[in-house]
Amino acid sequence: MGRPTKPVAAGTSPRLRALAVYLRQLKDDTRTTYATLSERTGPPGAPGYRGASTLSQAARGTHLPPLETVLAYARAAGDPGSHSTQRREATALSLWKAAAIEKARPHLVGRGRRTRQVRTPASLGRELTRLRLRAGRPSYSAIEKATKADGHRVPRSTAHLILIGKVLPGREQLSALLKAFGVSVVDAAQWHAVLDRIEDRRRPPEPPRRGRGSCADADPAVQEYLERRERDQEIKRRTGQIHPDETYEDYEERMRERAFQQQSSDIWLYEDYDEPEGDDEPEDGARRQAWAGEQAAFRAQLKALAERATPTGQVADHA
(Lines give C-alpha, C1' and ligand atoms only; values in the text may rest on other atoms or scores of the structure.)
Protein backbone atom coordinates (compact mmCIF):
# COMPACT_ATOMS: atom_id res chain seq x y z
CA MET A 1 0.00 0.00 0.00
CA GLY A 2 1.19 3.54 -0.69
CA ARG A 3 1.36 6.37 1.71
CA PRO A 4 -1.97 7.80 2.99
CA THR A 5 -3.67 10.33 0.72
CA LYS A 6 -3.98 13.85 2.11
CA PRO A 7 -7.54 15.01 2.77
CA VAL A 8 -9.18 17.43 0.37
CA ALA A 9 -8.35 21.03 1.22
CA ALA A 10 -10.95 22.86 3.28
CA GLY A 11 -11.20 25.74 0.78
CA THR A 12 -12.11 23.51 -2.16
CA SER A 13 -15.41 24.40 -3.86
CA PRO A 14 -18.30 22.00 -3.05
CA ARG A 15 -18.74 20.41 -6.48
CA LEU A 16 -15.02 20.00 -7.11
CA ARG A 17 -14.77 18.43 -3.65
CA ALA A 18 -17.57 15.98 -4.56
CA LEU A 19 -15.68 14.93 -7.71
CA ALA A 20 -12.41 14.43 -5.83
CA VAL A 21 -14.12 12.42 -3.09
CA TYR A 22 -15.77 10.16 -5.70
CA LEU A 23 -12.48 9.48 -7.47
CA ARG A 24 -10.80 8.62 -4.19
CA GLN A 25 -13.67 6.30 -3.35
CA LEU A 26 -13.17 4.44 -6.66
CA LYS A 27 -9.50 3.89 -5.85
CA ASP A 28 -10.29 2.70 -2.34
CA ASP A 29 -12.88 0.24 -3.69
CA THR A 30 -10.32 -1.34 -6.02
CA ARG A 31 -7.72 -1.56 -3.17
CA THR A 32 -4.95 -0.68 -5.57
CA THR A 33 -2.36 2.04 -6.18
CA TYR A 34 -2.17 4.86 -8.70
CA ALA A 35 0.58 2.98 -10.49
CA THR A 36 -1.76 0.04 -11.07
CA LEU A 37 -4.54 2.36 -12.22
CA SER A 38 -2.07 3.95 -14.64
CA GLU A 39 -1.20 0.57 -16.12
CA ARG A 40 -4.90 -0.12 -16.71
CA THR A 41 -5.28 3.06 -18.80
CA GLY A 42 -3.08 1.52 -21.48
CA PRO A 43 0.53 1.35 -22.58
CA PRO A 44 2.63 4.54 -22.37
CA GLY A 45 2.23 6.61 -25.52
CA ALA A 46 -1.30 5.35 -26.24
CA PRO A 47 -4.04 8.03 -26.68
CA GLY A 48 -5.85 7.05 -23.45
CA TYR A 49 -2.77 6.56 -21.26
CA ARG A 50 -2.57 8.56 -18.03
CA GLY A 51 0.40 8.47 -15.68
CA ALA A 52 0.17 7.76 -11.96
CA SER A 53 0.96 11.36 -11.03
CA THR A 54 -1.78 12.62 -13.39
CA LEU A 55 -4.37 10.34 -11.77
CA SER A 56 -3.20 11.35 -8.30
CA GLN A 57 -3.58 15.07 -9.11
CA ALA A 58 -7.07 14.46 -10.52
CA ALA A 59 -8.22 13.08 -7.14
CA ARG A 60 -6.41 15.76 -5.12
CA GLY A 61 -9.17 18.39 -5.51
CA THR A 62 -6.89 21.38 -6.06
CA HIS A 63 -8.02 22.02 -9.64
CA LEU A 64 -10.53 20.70 -12.17
CA PRO A 65 -8.88 17.86 -14.13
CA PRO A 66 -9.52 17.32 -17.87
CA LEU A 67 -12.61 15.29 -18.66
CA GLU A 68 -10.66 12.59 -20.48
CA THR A 69 -8.50 12.08 -17.41
CA VAL A 70 -11.58 11.67 -15.20
CA LEU A 71 -13.14 9.13 -17.62
CA ALA A 72 -9.85 7.19 -17.89
CA TYR A 73 -9.70 7.11 -14.09
CA ALA A 74 -13.27 5.71 -13.89
CA ARG A 75 -12.56 3.03 -16.52
CA ALA A 76 -9.37 1.95 -14.82
CA ALA A 77 -11.18 1.45 -11.50
CA GLY A 78 -13.06 -1.66 -12.70
CA ASP A 79 -13.36 -4.28 -15.40
CA PRO A 80 -13.37 -2.70 -18.87
CA GLY A 81 -16.70 -2.98 -20.74
CA SER A 82 -18.78 -4.02 -17.72
CA HIS A 83 -22.04 -2.34 -16.72
CA SER A 84 -20.44 -1.12 -13.52
CA THR A 85 -17.77 0.67 -15.58
CA GLN A 86 -20.45 2.43 -17.60
CA ARG A 87 -22.18 3.55 -14.42
CA ARG A 88 -18.90 4.84 -13.01
CA GLU A 89 -18.21 6.78 -16.19
CA ALA A 90 -21.71 8.29 -16.16
CA THR A 91 -21.40 9.32 -12.51
CA ALA A 92 -17.92 10.76 -13.03
CA LEU A 93 -19.15 12.70 -16.09
CA SER A 94 -22.09 14.17 -14.15
CA LEU A 95 -19.88 15.26 -11.25
CA TRP A 96 -17.28 16.71 -13.61
CA LYS A 97 -19.88 18.79 -15.48
CA ALA A 98 -21.23 20.16 -12.22
CA ALA A 99 -17.70 21.12 -11.14
CA ALA A 100 -17.03 22.70 -14.58
CA ILE A 101 -20.16 24.87 -14.32
CA GLU A 102 -19.18 25.86 -10.81
CA LYS A 103 -15.72 26.86 -12.04
CA ALA A 104 -17.12 28.84 -14.98
CA ARG A 105 -19.77 30.74 -13.00
CA PRO A 106 -17.52 33.71 -12.05
CA HIS A 107 -16.65 34.19 -15.74
CA LEU A 108 -20.26 34.04 -16.97
CA VAL A 109 -21.13 37.73 -16.82
CA GLY A 110 -24.88 38.31 -17.09
CA ARG A 111 -27.45 35.82 -18.26
CA GLY A 112 -27.04 33.83 -21.41
CA ARG A 113 -29.32 34.65 -24.32
CA ARG A 114 -32.02 32.35 -25.50
CA THR A 115 -31.31 30.72 -28.82
CA ARG A 116 -33.98 32.80 -30.60
CA GLN A 117 -32.17 35.97 -29.47
CA VAL A 118 -28.86 34.97 -31.09
CA ARG A 119 -28.88 36.63 -34.53
CA THR A 120 -25.29 37.66 -35.34
CA PRO A 121 -21.90 35.91 -35.51
CA ALA A 122 -20.74 38.00 -32.53
CA SER A 123 -23.63 36.89 -30.30
CA LEU A 124 -23.16 33.27 -31.43
CA GLY A 125 -19.47 33.50 -30.50
CA ARG A 126 -20.35 34.79 -27.02
CA GLU A 127 -22.77 31.93 -26.41
CA LEU A 128 -20.24 29.35 -27.66
CA THR A 129 -17.73 30.88 -25.24
CA ARG A 130 -20.21 30.30 -22.42
CA LEU A 131 -20.52 26.67 -23.50
CA ARG A 132 -16.75 26.39 -23.50
CA LEU A 133 -16.60 27.77 -19.97
CA ARG A 134 -19.25 25.30 -18.83
CA ALA A 135 -17.14 22.55 -20.38
CA GLY A 136 -14.24 23.37 -18.07
CA ARG A 137 -12.64 26.02 -20.32
CA PRO A 138 -10.59 23.60 -22.45
CA SER A 139 -7.60 25.11 -24.21
CA TYR A 140 -7.65 25.73 -27.95
CA SER A 141 -5.18 22.89 -28.38
CA ALA A 142 -7.56 20.58 -26.52
CA ILE A 143 -10.43 21.80 -28.71
CA GLU A 144 -8.42 21.05 -31.84
CA LYS A 145 -7.59 17.55 -30.61
CA ALA A 146 -11.19 16.83 -29.59
CA THR A 147 -12.62 17.98 -32.92
CA LYS A 148 -9.98 16.02 -34.81
CA ALA A 149 -10.89 12.87 -32.90
CA ASP A 150 -14.55 13.50 -33.77
CA GLY A 151 -13.72 13.46 -37.49
CA HIS A 152 -13.78 17.18 -38.34
CA ARG A 153 -10.73 19.08 -37.13
CA VAL A 154 -11.20 22.72 -36.17
CA PRO A 155 -7.76 24.40 -36.00
CA ARG A 156 -6.89 26.46 -32.95
CA SER A 157 -6.86 29.74 -34.88
CA THR A 158 -10.25 29.01 -36.46
CA ALA A 159 -11.78 28.05 -33.11
CA HIS A 160 -10.47 31.30 -31.61
CA LEU A 161 -11.99 33.41 -34.43
CA ILE A 162 -15.32 31.61 -34.08
CA LEU A 163 -15.50 32.10 -30.32
CA ILE A 164 -14.69 35.83 -30.52
CA GLY A 165 -17.39 36.28 -33.18
CA LYS A 166 -15.14 37.18 -36.13
CA VAL A 167 -15.95 34.09 -38.22
CA LEU A 168 -19.24 32.25 -38.66
CA PRO A 169 -18.70 28.48 -38.30
CA GLY A 170 -19.82 25.96 -40.87
CA ARG A 171 -22.28 23.25 -39.98
CA GLU A 172 -19.57 20.59 -39.52
CA GLN A 173 -17.40 22.98 -37.50
CA LEU A 174 -20.33 23.86 -35.26
CA SER A 175 -21.16 20.18 -34.74
CA ALA A 176 -17.57 19.39 -33.78
CA LEU A 177 -17.35 22.32 -31.36
CA LEU A 178 -20.65 21.50 -29.68
CA LYS A 179 -19.58 17.90 -29.22
CA ALA A 180 -16.23 19.04 -27.80
CA PHE A 181 -18.12 21.21 -25.31
CA GLY A 182 -20.34 18.29 -24.22
CA VAL A 183 -23.60 19.67 -25.68
CA SER A 184 -26.37 17.11 -26.06
CA VAL A 185 -27.85 16.16 -29.43
CA VAL A 186 -31.15 17.92 -28.64
CA ASP A 187 -29.44 21.17 -27.65
CA ALA A 188 -27.12 20.92 -30.65
CA ALA A 189 -30.15 20.93 -32.98
CA GLN A 190 -31.21 24.28 -31.50
CA TRP A 191 -27.78 25.78 -32.17
CA HIS A 192 -27.90 24.53 -35.76
CA ALA A 193 -31.23 26.34 -36.13
CA VAL A 194 -29.50 29.49 -34.84
CA LEU A 195 -26.78 29.07 -37.48
CA ASP A 196 -29.40 28.69 -40.24
CA ARG A 197 -31.14 31.88 -39.07
CA ILE A 198 -27.90 33.88 -39.12
CA GLU A 199 -27.04 32.61 -42.60
CA ASP A 200 -30.51 33.58 -43.86
CA ARG A 201 -30.06 37.11 -42.51
CA ARG A 202 -26.67 37.44 -44.21
CA ARG A 203 -28.00 36.29 -47.62
CA PRO A 204 -28.65 39.09 -50.15
CA PRO A 205 -32.34 39.73 -50.86
CA GLU A 206 -33.85 38.07 -53.91
CA PRO A 207 -34.85 40.31 -56.86
CA PRO A 208 -38.56 41.22 -56.92
CA ARG A 209 -40.77 38.87 -58.89
CA ARG A 210 -43.41 39.95 -61.36
CA GLY A 211 -47.00 39.34 -60.56
CA ARG A 212 -49.24 40.03 -57.65
CA GLY A 213 -47.60 42.07 -54.96
CA SER A 214 -44.65 43.20 -57.11
CA CYS A 215 -43.75 46.78 -57.95
CA ALA A 216 -45.96 48.33 -60.65
CA ASP A 217 -42.99 49.96 -62.42
CA ALA A 218 -41.65 46.51 -63.24
CA ASP A 219 -44.70 45.72 -65.39
CA PRO A 220 -43.84 45.71 -69.15
CA ALA A 221 -46.89 47.82 -70.02
CA VAL A 222 -45.87 50.50 -67.52
CA GLN A 223 -42.30 50.49 -68.82
CA GLU A 224 -43.55 50.94 -72.39
CA TYR A 225 -45.79 53.85 -71.37
CA LEU A 226 -42.93 55.60 -69.56
CA GLU A 227 -40.66 55.21 -72.58
CA ARG A 228 -43.29 56.69 -74.92
CA ARG A 229 -43.79 59.59 -72.51
CA GLU A 230 -40.05 60.34 -72.44
CA ARG A 231 -39.84 60.30 -76.26
CA ASP A 232 -42.88 62.61 -76.56
CA GLN A 233 -41.38 65.00 -74.01
CA GLU A 234 -38.08 65.14 -75.91
CA ILE A 235 -39.85 65.86 -79.21
CA LYS A 236 -41.99 68.63 -77.75
CA ARG A 237 -38.96 70.28 -76.13
CA ARG A 238 -37.05 70.28 -79.39
CA THR A 239 -40.01 71.76 -81.29
CA GLY A 240 -40.59 74.46 -78.67
CA GLN A 241 -44.01 73.23 -77.54
CA ILE A 242 -42.70 72.88 -73.99
CA HIS A 243 -41.21 76.07 -72.59
CA PRO A 244 -37.66 75.88 -71.14
CA ASP A 245 -38.92 76.54 -67.60
CA GLU A 246 -41.75 74.00 -67.88
CA THR A 247 -41.96 70.36 -66.96
CA TYR A 248 -43.91 67.84 -68.97
CA GLU A 249 -46.61 67.93 -66.30
CA ASP A 250 -46.85 71.75 -66.60
CA TYR A 251 -47.25 71.40 -70.36
CA GLU A 252 -50.08 68.88 -69.96
CA GLU A 253 -51.84 71.17 -67.49
CA ARG A 254 -51.54 74.13 -69.90
CA MET A 255 -53.03 72.06 -72.70
CA ARG A 256 -55.95 71.01 -70.51
CA GLU A 257 -56.68 74.63 -69.58
CA ARG A 258 -56.61 75.70 -73.24
CA ALA A 259 -59.01 72.95 -74.24
CA PHE A 260 -61.36 73.93 -71.41
CA GLN A 261 -61.32 77.59 -72.47
CA GLN A 262 -62.10 76.66 -76.09
CA GLN A 263 -64.97 74.45 -74.99
CA SER A 264 -66.34 77.24 -72.79
CA SER A 265 -66.19 79.70 -75.73
CA ASP A 266 -68.20 77.38 -77.99
CA ILE A 267 -70.81 76.83 -75.29
CA TRP A 268 -71.13 80.62 -74.80
CA LEU A 269 -71.75 81.21 -78.50
CA TYR A 270 -74.45 78.55 -78.71
CA GLU A 271 -76.06 79.52 -75.42
CA ASP A 272 -76.26 83.16 -76.56
CA TYR A 273 -78.28 82.14 -79.61
CA ASP A 274 -81.92 81.33 -78.86
CA GLU A 275 -83.85 78.94 -81.00
CA PRO A 276 -87.15 80.37 -82.20
CA GLU A 277 -90.27 79.20 -80.47
CA GLY A 278 -92.20 76.33 -81.95
CA ASP A 279 -95.14 78.65 -82.82
CA ASP A 280 -92.89 80.72 -85.17
CA GLU A 281 -91.86 77.68 -87.19
CA PRO A 282 -93.51 77.77 -90.62
CA GLU A 283 -96.14 75.19 -91.28
CA ASP A 284 -95.61 74.84 -95.07
CA GLY A 285 -93.09 72.15 -96.02
CA ALA A 286 -91.21 74.24 -98.60
CA ARG A 287 -91.10 77.22 -96.29
CA ARG A 288 -89.98 74.92 -93.44
CA GLN A 289 -87.02 73.69 -95.52
CA ALA A 290 -86.05 77.23 -96.43
CA TRP A 291 -86.24 78.25 -92.79
CA ALA A 292 -84.01 75.30 -91.75
CA GLY A 293 -81.44 76.29 -94.39
CA GLU A 294 -81.35 79.84 -93.09
CA GLN A 295 -80.79 78.57 -89.56
CA ALA A 296 -77.96 76.30 -90.71
CA ALA A 297 -76.30 79.15 -92.60
CA PHE A 298 -76.60 81.38 -89.55
CA ARG A 299 -74.99 78.76 -87.30
CA ALA A 300 -72.16 78.33 -89.81
CA GLN A 301 -71.52 82.08 -89.70
CA LEU A 302 -71.44 81.97 -85.88
CA LYS A 303 -68.94 79.13 -85.92
CA ALA A 304 -66.73 80.95 -88.44
CA LEU A 305 -66.77 84.05 -86.28
CA ALA A 306 -65.80 81.98 -83.23
CA GLU A 307 -62.85 80.42 -85.03
CA ARG A 308 -61.65 83.84 -86.24
CA ALA A 309 -62.00 85.42 -82.80
CA THR A 310 -58.80 86.70 -81.16
CA PRO A 311 -57.89 85.91 -77.49
CA THR A 312 -59.33 89.34 -76.52
CA GLY A 313 -62.63 88.49 -78.17
CA GLN A 314 -62.14 90.91 -81.16
CA VAL A 315 -62.61 89.81 -84.77
CA ALA A 316 -59.39 89.72 -86.77
CA ASP A 317 -58.99 92.35 -89.49
CA HIS A 318 -58.65 90.83 -92.94
CA ALA A 319 -58.78 94.05 -94.87
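This is a predicted model: local features need pLDDT of at least 70, side-chain atom pairs count only at pLDDT 80 or more; totals for chains, interfaces and linings use all residues.

User: Which secondary structure elements does the chain have?

Analyst: Helices (H or I, at least four residues) and strands (E, at least two) are DSSP runs, numbered from the N terminus. Here that gives 13 helices and zero strands.

User: How much of the chain is buried?

Analyst: Buried means under 20% relative accessible area, exposed over 50%, and partly exposed in between, using a 1.4 Å probe and protein chains only. Of the 319 residues, 28% count as buried. For contacts, meaning heavy atoms within 4.5 Å, take those with a separation of 6 or more: 52% of them join residues 24 or more positions apart.

User: How do α1 and α4 pack, parallel or antiparallel?

Analyst: Axes are lines fitted to C-alpha atoms, for helices over the stretch in contact, and angles run from 0 to 180 degrees between N-to-C directions. Angles under 35 degrees count as roughly parallel, over 145 as roughly antiparallel, 65 to 115 as roughly perpendicular and the rest as oblique. The axes of α1 (residues 14–30) and α4 (residues 67–76) come within 9 Å and cross at roughly 30°, so the two helices are roughly parallel.

User: Is that crossing left-handed or right-handed?

Analyst: A crossing is left-handed if the near helix is turned anticlockwise from the far one by less than a right angle, and right-handed if clockwise. α1 passes α4 in a left-handed crossing. On the α1 side, Leu19, Leu23, Arg24, Leu26 and Lys27 meet Val70, Tyr73 and Ala74 of α4. By class, this contact has six nonpolar, no polar and two charged residues. (Ala, Val, Leu, Ile, Met, Phe, Trp, Tyr, Cys and Pro count as nonpolar, Asp, Glu, Lys and Arg as charged, and the others, Gly among them, as polar.)

User: How does α6 sit against α10?

Analyst: Helix α6 (residues 121–134) packs on α10 at an angle of about 165°, with the axes 11 Å apart, so this pair is roughly antiparallel. The crossing is left-handed. Pro121, Leu124, Glu127 and Leu131 of α6 touch Trp191, Val194, Ile198 and Arg202 of α10, a contact with six nonpolar, no polar and two charged residues.

User: And which way do α9 and α10 cross, left-handed or right-handed?

Analyst: That crossing is right-handed. Helix α9 (residues 171–180) and α10 (residues 185–202) pack at about 150°, with axes 11 Å apart. Arg171, Leu174, Ser175 and Leu178 in α9 meet Ala188, Trp191, His192, Leu195 and Asp196 in α10. The classes here are five nonpolar, two polar and two charged.

User: Now single residues. What should I notice about the phi of Arg31?

Analyst: As background, most residues other than glycine have a negative phi. Arg31 has a positive phi of about 55° although it is not a glycine. Arg31 lies in the loop between α1 and α2 and is exposed, at 72% relative accessible area.

User: Where is Ile242, and is Ile242 buried or exposed?

Analyst: Ile242 is in the loop between α11 (220–238) and α12 (248–272), and at 4% relative accessibility Ile242 counts as buried. Beyond its neighbours within four places in sequence, Ile242 contacts Gln233, Lys236, Arg237, Thr247, Tyr248, Tyr251 and Arg254. Lys236, in helix α11, is buried too, with a relative accessible area of 15%.

Key: Residues are numbered from 1 along each chain as its sequence is written. Side-chain values use heavy atoms; hydrogens and water are left out.
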